[in-house]
Amino acid sequence: MRETRGALQVGSLRGIPVRVHFSLLLVLPLLAYVFGGAFRRAAEVAAVPEEQLWGAPWGWGLGVAVGLFASVFVHELAHTLYALARGGQVRSITLMMVGGVSELSEAPPRARDEALMALVGPLTSLALAGLLALATWGVAGTGSFNLQFACFYLASLNLFLGVFNLLPAFPMDGGRILRALLAGRMGMVRATQVASVVGRGFALLFGVWGLATFNPFLMVIAFFIFMGADGEAKQVRMKATLEKVRVAELMTPRWMGVDVGASLEEALWEFRVERRTALPVTEEGRPLGRVAVEAVRAVPAGERTRRQVREVMRPAPVARLEEDGWQALRRMAEEGSPLLLVVDADGRLAGTLEVGDVERGLTLFQNREERAERDARRWREERPA
Ligand SMILES: [Zn+2]
């Protein structure tokens, strides 16, 4: 359910949208510039005479930036193909500087699967680095300095990607492996919390290091690790809480919706009374769908008394009273519906569930959990030994 904002779609693969996160777009020109400046040293390290290389240093900088882009893509592709092969569903692939995410509809249920899924990315990068190093070595004797330099640089980039992503800085791959290792012992929520603290520690370290060495990459990376670790810890906790709460406890109870035969003018009054932007549509207590205030307003004012709700209503997904909150929230996201119709065992309307209901319920239940934990701790401390 993780949504990656600030990403640009650049294509699709087997129907899965491939997007580029703006962090990567931001870093590419920066990288081209920095590498353009470090060109001479890079040529030295690669043992290639600089005067033998074509083109301007900035041209090479740009080439390296594109090479990094391709390397990140291959790395993400490895995660995605592995997930698909294991029967997972991937909603989108986002290329980003760190913690590139192949968005799964649902995280792998078993810790071992998550660890393996996290591991295939860095392993692919390292394998690619090995192949490119071999190619560099193979080309070295032939005098094709440009090819040798390109292979050398791509090998270095992939080595960096592989090693860097293996650092246990959640939500990077290494951090996911750490979480999977911990999850067996302490459960998913606690393991995510610990991994997230470690991840944020790394982020602070990178940030300070980046400041001290005037390295803008490290600072950008630090920022994204910090935000990612925090966001994912919150999400895992939300999931754990919502899985324990039934839809009946979260919903807004209501037995009547807007009648399917009501006029649009009457529906508009309902919206004003209820102070909602979407309401269920019912026929003698049976839920039929939902009606949104925009759909009603889209009809010219003069026609609203003549036309009926059935003309503008839309289907709405249904949830059962005893379902858990997480399932309901997922259905809302998957069906793209802001409103769920909650029905009882007889199929009659019992209530509605909106994101606002879930948020209010979540705060309530998390506060209650925290209080219970505090009380339990105090009880243990105060109990005479
Ligand atoms: Zn990865």
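**Notes on the model**

Author: Start with two residues: H79 is buried, and D173 is buried too. Keep in mind that this is a predicted model.

Reader: Which protein atoms are the donors of the zinc ion?

Author: The donors are NE2 of H75, NE2 of H79 and two OD atoms of D173. They lie 2.0 to 2.7 Å from the zinc ion.

Reader: What spacing do the donors follow along the chain?

Author: The pattern is H-x3-H-x93-D. H79 sits in helix α3 (residues 57-85) and D173 in helix α6 (residues 173-186), so this pair ties together parts that are 94 residues apart in sequence.

Reader: Why is the arrangement around the zinc ion irregular?

Author: Because the angles subtended by the four donor atoms run from 52 to 147°. To count as tetrahedral, all angles would have to lie between 85 and 135 degrees.

Reader: What is the ideal angle for four tetrahedral donors?

Author: It is 109.5 degrees.

Reader: New topic. Which domains is the chain divided into?

Author: Domain 1 covers 7-242 and domain 2 covers 247-362. Their C-alpha centres lie 43 Å apart.

Reader: How many residues are in contact between domain 1 and domain 2?

Author: Seven residues of domain 1 are in contact with eight of domain 2. Between them the two domains bury about 740 Å², and 72% of that is on carbon and sulfur atoms.

Reader: How many salt bridges are there between domain 1 and domain 2?

Author: The count is zero. In the whole structure, a search finds 18 salt bridges.

Reader: What lets side chains pair like that?

Author: Side chains of opposite charge can pair when their charged atoms come close.

Reader: Give me an example. What does K234 form a salt bridge with?

Author: K234 pairs with D230, and their closest N and O atoms are 3.0 Å apart. Both residues lie in helix α8 (residues 216-242), four residues apart, which is about one turn of the helix.

Reader: Is K234 buried or exposed?

Author: K234 counts as exposed, because its relative accessibility is 55%. D230 has 25% relative accessibility, so D230 counts as partly exposed.

Reader: And which side chain does R237 meet in a salt bridge?

Author: R237 meets E370, at 3.0 Å from N to O. R237 lies in helix α8 and E370 in helix α14 (residues 355-382), so the pair ties together parts that are 133 residues apart in sequence. R237 is partly exposed, with a relative accessible area of 23%, and E370 is partly exposed as well, at 36%.

Reader: What about K239, what is its salt bridge partner?

Author: The partner of K239 is E243, with the closest N and O atoms 3.5 Å apart. K239 is partly exposed at a relative accessible area of 27%, and E243 counts as partly exposed at 39% relative accessibility.

Reader: Which residues do salt bridges that share partners join into one network?

Author: That network is made of E114, R176, R179 and E232.

Reader: Backbone next. Which peptide bond is cis?

Author: The bond from F170 to P171 is cis, with omega near 10°. P171 is in the loop between α5 (145-166) and α6.

Reader: What is phi of R275 near?

Author: Phi of R275 is near 55°, a positive value in a residue that is not glycine. R275 is in the loop between α10 (264-274) and β7 (278-283). R275 is also exposed, with a relative accessible area of 74%.

Reader: Where does E284 lie?

Author: E284 is in the loop between β7 and β8 (286-292). E284 has a positive phi of about 50° although it is not a glycine, and it is exposed, with a relative accessible area of 68%.

Reader: Last one. Is A115 buried or exposed?

Author: A115 is buried, with a relative accessible area of 16%. A115 belongs to helix α4 (residues 111-140).

Reader: What does A115 touch, leaving out residues up to four places away in sequence?

Author: A115 touches I177 and A180. A115 and L178 are 63 residues apart in sequence, and their C-alpha atoms are 8.0 Å apart in space.

Conventions:
Residues numbered from 1 in each chain as written. Predicted model: local features only at pLDDT ≥ 70, side-chain atom pairs only at ≥ 80, totals over all residues. Heavy atoms only, no water. Donors = N, O, S within 2.8 Å, 3.2 Å for Na, K, Ca; no water. Tetrahedral: all angles 85-135°; square planar, octahedral: opposite > 155°, others 65-115°. Helix = DSSP H or I, 4+ residues; strand = E, 2+ residues; numbered from the N terminus. Buried < 20%, exposed > 50% of the residue type's maximum accessible area, 1.4 Å probe, protein only. Domains from an automatic or database assignment. Contact = heavy atoms within 4.5 Å. Buried area = accessible area lost by both parts, 1.4 Å probe. Salt bridge = Lys/Arg side-chain N within 4 Å of Asp/Glu carboxyl O.
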